[in-house]
Amino acid sequence: MNDVITCEHLNHSYGTKQVLHDISWSLPKGRICGLLGRNGAGKTTTINILNSFLTPTSGRCLLLGEPSHALSHKAKRQIGYLIEGHVQYSFMNVHQIERFYSKFYENWDPKIYFHLISKLDITPKQKISTMSCGQRSQVALGLILAQDPSLIIFDDYSMGLDPGYRRLFIDVIKEYAAADHRSILLTSHIIQDLENLIDDCIIYDKGHLIANTSLSEFSENYRSYSFTCPQTIEPSFDRTTGTRIEKLKDEYTISGYLSVEEANAVLNQKGIQTEALKNISMSLEDAFIALTGKY
Amino acid sequence: MNYFKAIFYKEWVKLRIPVGILLLANLAFALYLCIKLRYVGNFNEGEKIWSGWIFKAYLFYKPYTLLPLVSAMIIGFLQYNVEIQNKRIKLVFHLPVGEEKAILQHQIVGLILLCAITLPCYLLIAIYSSFYLPKEFIVSLFYTALPWFFAAINGYIFTELFLLEGNKLYKVFIALLGFSFIRNLLYTEFYNTYLHLLWPIGIITVALFFTPLLASYRFRKGLSQ
């Protein structure tokens with residue numbers, strides 16, 4: 001089995017509103033993949049379907065080769081899951097919660113957990129509810145890593161974390177994933193953190209899959225050009241090619257998997273006459289915003 | 001792997017203080033009733049107490065009717081309110097236990113704690129009664145108080161159902177159904193009032209015990225929104 005997660009033709013609606021449109025993608029074993037998109041794009045809906053908290057209207061998901069809605073106990077032991085907001089049993093202290101979870105996982109390794117906990121400035125009997133957001137995130141991360149899972153799903157790991165804790169989280173994830181080729185699927189809105197973390201990116205736009213590629217390919221090939229034009233141009237987005245035309249103050253931008261010549265060809269096809277296109281240097285976050293658009 | 005022990009441990013950490021407080025409160029009230037019986041016993045002759053019991057349905061323990069029910073609803077609320085906040089119950093469903101088994105084990109823990117709170121009180125009342133009243137009275141006490149215990153169990157189940165259900169309309173239905181059913185278990189005007197209904201009430205209670213599985217199933221499938 002090479003793919004640890006497979007989504008096939010996922011469609012889902014909340015009432016009459018369709019939120020996922022024929023989504024298909026897979027996560028190969030040993031890769032770290034970022035599931036990205038603006039608020040309301042369908043990321044959490046997908047995560048909920050993967051964790052069997054939602055039944056899709058149609059389509060299916062496989063985790064470790066098993067249907068997501070009917071995972072065996074063996075499969076569940078191999079999947080670590082971080083709930084959005086680092087939710088845990090806040091009425092327990094760090095020792096009580098470790099004692100609780102250790103009973104469910106055969107490969108439980110307390111050393112990893114207590115190694116992370118030792119970095120926190122807490123007392124042994126301090127309840128998790130009295131910890132800061134960053135400290136709670138480390139407790140949640142330690143509990144997941146101690147399970148020794150082969151697949152981890154992080155639903156917005158960065159929520160509420162300051163840059164220090166975000167960096168610590170990323171460093172720990174990278175070290176852990178590299179150690180034994182573990183697979184990780186994560187979502188986050190802090191795109192700049194992901195540049196040195198993820199191998200692949202899956203990008204949603206209003207429930208549609210608009211990018212499914214390696215990070216290097218996306219960063220190198222998705223380009224943005226600025227241009228001026230005397231005529232008024234309506235902003236547009238072609239979901240199939242990922243080509244977006246937007247207005248930016250006194251000039252316009254065209255973004256896509258396009259060379260300069262190809263960008264000119266697209267504009268000419270639309271009857272847009274312009275002077276020379278200027279290449280815009282972009283970070284990953286800039287490329288993400290160029291693809292998904294600004295509010 | 002003994003998952004039940006782990007779940008019991010978690011719920012114990014969560015509820016030990018409220019359980020302790022409720023146990024003390026229940027025992028204190030039961031003791032108060034016993035002291036009242038002692039007072040009546042010391043100032044009245046034996047045949048007057050008998051007469052009061054047989055002809056006037058003087059059930060000295062009747063004030064204890066609602067306390068098990070209130071205790072059960074408090075336990076149910078404290079146990080499951082934490083689980084539904086921030087959808088924390090996803091942690092339970094993610095455990096390698098099986099979702100239905102996990103919910104049932106949580107319920108069994110809740111019922112064990114409920115028994116730990118209420119059964120010592122019934123026992124205290126029964127033992128103290130035996131100093132003044134015959135064995136027939138103790139047996140009658142058991143049959144008279146059993147519907148209250150069933151009411152407590154159902155109070156726990158309906159509280160759990162109400163909290164696990166996400167749909168507001170269903171919540172209203174659950175609240176009305178629970179109130180209607182439980183109310184009908186508490187019309188104790190005479191000893192052995194429900195003697196011939198105990199088996200049906202018991203069977204219904206056992207059937208209702210499994211209804212939270214439906215609410216948790218609906219939550220897992222996203223049907224409760």
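How many positive and how many negative side chains does chain B have, and how far apart do the centres of the two sets lie? Chain B has 20 positive side chains and 10 negative ones. The centres of these two sets lie 8 Å apart.

Before going further, a word on confidence. This is a predicted model, with an ipTM of 0.89 and a pTM of 0.89. In chain A the mean pLDDT is 91, and 99% of the residues reach 70 or more. For chain B the average is 90, again with 99% of the residues scoring at least 70.

By element, the lowest mean in chain A belongs to helix 6, residues 163-180, at 87. The highest in chain A is helix 3, residues 94-101, at 96. In chain B, confidence is lowest in helix 2, residues 46-56, where the mean is 76. Helix 3 of chain B, residues 67-84, has the highest, at 96.

Now the build of chain B. Which secondary structure elements does chain B contain? There are nine helices and zero strands, so the pattern along the sequence is α-α-α-α-α-α-α-α-α. The C-alpha trace of chain B spans about 65 × 30 × 25 Å along its principal axes.

Of the 225 residues in chain B, 52% are buried.

Next, one residue in chain A. A:Tyr225 sits in strand 11, which covers residues 223-227. Is A:Tyr225 buried or exposed? A:Tyr225 counts as buried because its relative accessibility is 1%, and the cut-off for buried is under 20%.

What does A:Tyr225 touch, leaving aside residues up to four places away in sequence? Its contacts include A:Tyr252, A:Thr253 and A:Ile254, then A:Leu258, A:Ser259, A:Val260 and A:Ala263. Also among them are A:Leu277, A:Lys278, A:Asn279 and A:Ile280. For A:Val260 there is a further detail: its backbone nitrogen lies 3.4 Å from a polar atom of the A:Tyr225 side chain.

A:Leu71 is 154 residues away from A:Tyr225 in sequence, and the two are 47 Å apart in space, C-alpha to C-alpha.

Definitions and conventions. Residues numbered from 1 in each chain as written. Chains lettered and ligands numbered in written order. Predicted model: local features only at pLDDT ≥ 70, side-chain atom pairs only at ≥ 80, totals over all residues. Heavy atoms only, no water. Helix = DSSP H or I, 4+ residues; strand = E, 2+ residues; numbered from the N terminus. Buried < 20%, exposed > 50% of the residue type's maximum accessible area, 1.4 Å probe, protein only. Contact = heavy atoms within 4.5 Å. Polar contact = N/O pair within 3.5 Å; in protein donor to acceptor, adjacent residues only side chain to side chain. Lys, Arg positive; Asp, Glu negative; His and termini not counted. Charge placed at Lys NZ, Arg CZ, Asp CG, Glu CD. pLDDT = per-residue confidence, 0-100.
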